[in-house]
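Please read the points with the structure open.

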Amino acid sequence: MDDRTASAAVPRLRMEGIVKRFGGVQALAGADLTVGRGEVLALLGENGAGKSTLMNVLSGVVTPDSGTVEVDGEVRRFHGPGDAQRAGVAMIHQELDLVPQGSVASNLFLGDEPRTALGVVSRSAMRTQATELLSDLGIDIDPDVQVQELRVGEQQMVAIAKALRLDARILVMDEPTSALTESEVRTLFALLPALRRQGMATIYISHRLDEITEVADRATILRDGRTVGTVSLGRATDPSEVIRLMIGRAVEEVFPERPPPGEDVRLAVTGLSVPRHPLSGRREPAGIDLTVRRGEILGLAGLLGSGRTELLEALYGLAGERATGSVEIDGERVRITAPSVALRLGIGFVPEDRRAAGLVMQQPVGANILLSVLRRLSRRGLRNRRAERARVRESVDRLRIKTRSADAIVATLSGGNQQKVVFARNLLRDPRILLLDEPTRGVDIGAKSEIYHLLARLAADGLSVVVASSEVGELVGLCDRIAVLRGGRVVDVVDRADADEESILAAAALPRGLESPEEVA
């Protein structure tokens with residue numbers, strides 16, 4: 001074996017027997033991970049499985065109690081992030097480490113700018129080198145534009161290019177597509193072959209199994225701080241084995257079995273429309289007809305920009321007086337002109353961005369749960385602490401929220417448990433209709449299953465649920481019927497027995513040659 005063959009046989013990264021305890025909590029209990037040169041390895045596991053701690057060990061943020069880290073066959077011990085960076089480790093977080101007001105070029109060379117013989121920063125050299133770097137990666141971005149003017153996906157491209165300029169050998173991508181449009185996701189995926197050619201070892205963390213099987217070569221699965229398996233991946237991979245390893249149970253148990261709902265119509269929408277602002281990129285409802293039965297879970301499917309979110313917001317009163325058409329709840333004609341009206345009518349809403357619109361992140365779990373019912377629980381203007389504690393305790397038990405106490409800051413909870421807190425606040429008002437926008441985004445498969453079973457129990461109790469999701473498989477497994485939206489209109493409604501991902505995606509996509517002026521406006 002010559003030196004080149006021997007070098008290629010040595011993994012770019014090997015982590016073995018990594019153990020870490022924080023006080024009485026065993027975060028890692030012997031985790032292993034190996035990534036080869038030019039390989040994309042998916043790192044999977046439920047929230048709390050140890051993924052973040054293991055990556056913090058790799059990036060030098062956390063020092064392990066025991067275990068070894070090898071980079072290109074050399075044992076390394078990182079005493080801080082600087083050590084890891086010098087060893088060639090780079091992390092692309094969801095919150096990108098870029099200077100928004102700086103140009104793309106200045107971000108690429110921040111702290112290491114090319115200089116003239118007189119020691120002055122050479123703007124021309126920096127721009128030329130930035131252009132070459134971006135071109136080599138197939139990234140079409142002007143190096144002079146400010147980062148804050150770029151889309152999130154383009155900012156990620158800049159962060160990756162920066163890591164490569166710093167001679168990174170190991171790249172960790174944490175939920176890289178969570179805030180990207182479909183086209184930006186495609187652009188990101190198109191960059192991966194360039195990383196492979198350069199010998200980059202990429203660790204890809206995501207809750208979306210569909211994209212993992214598309215981009216990764218193998219997946220390492222953590223559960224309870226241990227590596228429980230590593231499997232090969234590909235487009236033909238059956239995700240059931242991956243899910244079983246992640247959550248410790250069969251995939252058939254993820255979605256609950258449910259009896260069909262009754263025939264009583266809870267919500268009837270006829271001709272719902274909202275005028276579209278000419279400068280807005282929103283796809284407002286444009287003559288929507290829908291019915292939702294008592295105890296039914298109705299799904300809203302559609303491509304990005306189809307109008308799913310806008311429909312939910314209109315039903316919650318966020319369109320105000322601009323909304324036209326007819327809405328009936330339990331046979332009574334209503335006009336929903338504000339969220340306060342929706343709440344009085346028994347409509348709850350769980351928004352897509354729970355952090356920005358659904359929770360007060362630095363407030364305790366209990367305070368977040370009680371936000372919408374404090375006045376209802378008060379007596380003569382005074383807070384009833386005993387009633388508040390009882391309601392919080394009931395909510396935590398009912399929704400199985402994992403928290404050390406009701407006083408824990410909600411930001412410290414996992415994504416799935418944060419979502420349950422938003423559910424709990426809505427359910428305290430005993431709604432008749434619950435509107436959900438991407439309720440499992442950023443939530444691991446175990447927490448998703450818990451949310452699905454919760455919704456099944458609520459529907460069995462008579463609650464009507466309308467759920468918008470970009471994960472078609474989720475809608476097929478969960479919903480009684482699925483309404484497909486395109487261009488702000490309902491173009492098809494599919495019963496559960498007839499629903500499959502291919503037919504729903506086909507209905508959601510705009511058929512070539514059938515574009516109407518309104519749909520392409």
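1. A residue is called buried here when its relative accessible area is under 20%, exposed when that figure is over 50%, and partly exposed in between. Helix α2 covers residues 51–58, and because six of its eight residues are buried, it is largely enclosed by the rest of the structure. Just after α2 comes Gly 60, with a positive phi of about 85 degrees.

2. The model is predicted. Its protein chain contains 20 helices and 20 strands. The radius of gyration of the chain is 25 Å, close to the 24 Å that the globule rule gives for 521 residues, so the chain is as compact as a globular protein of that length. Along the principal axes, the C-alpha trace spans about 80 × 60 × 50 Å.

3. Of the 521 residues in the protein chain, 51% count as buried. The accessible surface of the chain is about 24600 Å², and carbon and sulfur atoms account for 48% of that area.

4. On charge, the protein chain carries 67 positive and 72 negative side chains. The centres of these two sets lie 7 Å apart.

5. Helix α6 runs over residues 152–165. From its first C-alpha to its last, this 14-residue helix reaches 20 Å, close to the 20 Å expected at 1.5 Å a residue. Since 13 of the 14 residues of α6 are buried, the helix is largely enclosed by the rest of the structure. Asp 167 follows α6 and has a positive phi, near 60 degrees.

6. Helix α16 takes in residues 415–427. Its 13 residues reach 19 Å between the first and last C-alpha, close to the 18 Å expected at 1.5 Å a residue. How many of the residues of α16 are buried? The count is 13 of 13, so α16 is largely enclosed by the rest of the structure.

7. Is Ala 387 buried or partly exposed? Its relative accessibility is 21%, and the cut-off for buried is under 20%, so Ala 387 counts as partly exposed. This residue is found in helix α15, which covers residues 385–399. Ala 387 and Ala 117 are 270 residues apart along the chain, and their C-alpha atoms are separated by 73 Å.

Definitions and conventions
Residues numbered from 1 in each chain as written. Predicted model: local features only at pLDDT ≥ 70, side-chain atom pairs only at ≥ 80, totals over all residues. Heavy atoms only, no water. Helix = DSSP H or I, 4+ residues; strand = E, 2+ residues; numbered from the N terminus. Rg over C-alpha atoms; globule rule 2.2 N^0.38 Å. Buried < 20%, exposed > 50% of the residue type's maximum accessible area, 1.4 Å probe, protein only. Areas by Shrake-Rupley, 256 points an atom, 1.4 Å probe, with all protein chains shown as cover. Lys, Arg positive; Asp, Glu negative; His and termini not counted. Charge placed at Lys NZ, Arg CZ, Asp CG, Glu CD. Expected span 1.5 Å × (residues − 1).
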